[in-house]
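Work through the exercises below with the sequence and coordinates open. Each task is followed by a stepwise solution.

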Amino acid sequence: VLDSAGRAAAAESAFRLRRFGGPSRRGPDTAVVVLDDIVTTGVTLAAVSRILRAAGMTPNVAAVLAATQKRRHW
């Protein structure tokens, strides 16, 4: 089990920015959205945001999508 510093280090090393070939389509009005599948501590969102900022892409918004199965109480 990782402590908060360990989770942050693991998240930081799990992501890297990949550039694809071709011209950049990013203009001055382009929004950068970070999407995560679930949020518990926010470590993943913070790590990805730091990587994007270092590349000159400041995230404008973060969104989290999660779904759970409804429990039935009999």
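**Exercises on helix H2**

H2 is followed by glycine 56, which has a positive phi, near 85 degrees. The model is a predicted one.

**Exercise 1.** Check whether the end-to-end span of H2 agrees with its number of residues.

Solution. Step 1: H2 covers residues 43–54, twelve residues. Step 2: the expected span is 1.5 Å times one less than the number of residues, so H2 should span 16 Å. Step 3: the end C-alpha atoms of H2 are 17 Å apart, in agreement with that value.

**Exercise 2.** List the buried residues of H2 and find what they pack against.

Solution. Step 1: apply the cut-off for burial, under 20% relative accessible area. Step 2: in H2 this gives Val43, Leu45, Ala47, Val48, Ser49, Ile51 and Leu52. Step 3: their packing partners are helix H1 (4–14) and the strands S1 (33–36) and S2 (61–64).

**Exercise 3.** Describe how H1 and H2 are arranged.

Solution. Step 1: from H1, the residues Arg7, Ala8, Ala11 and Glu12 meet Val43, Thr44, Ala47, Arg50 and Ile51 of H2. Step 2: the axes lie 9 Å apart, at an angle of about 45 degrees. Step 3: the two helices are therefore oblique to each other. Step 4: the crossing of H1 past H2 is right-handed.

Terms used:
Residues are numbered from 1 along each chain as its sequence is written. This is a predicted model: local features need pLDDT of at least 70, side-chain atom pairs count only at pLDDT 80 or more; totals for chains, interfaces and linings use all residues. Side-chain values use heavy atoms; hydrogens and water are left out. Helices (H or I, at least four residues) and strands (E, at least two) are DSSP runs, numbered from the N terminus. Buried means under 20% relative accessible area, exposed over 50%, partly exposed in between (1.4 Å probe, protein chains only). Contact means heavy atoms within 4.5 Å. Axes are lines fitted to C-alpha atoms, for helices over the stretch in contact, and angles run from 0 to 180 degrees between N-to-C directions. Angles under 35 degrees count as roughly parallel, over 145 as roughly antiparallel, 65 to 115 as roughly perpendicular and the rest as oblique. A crossing is left-handed if the near helix is turned anticlockwise from the far one by less than a right angle, and right-handed if clockwise.
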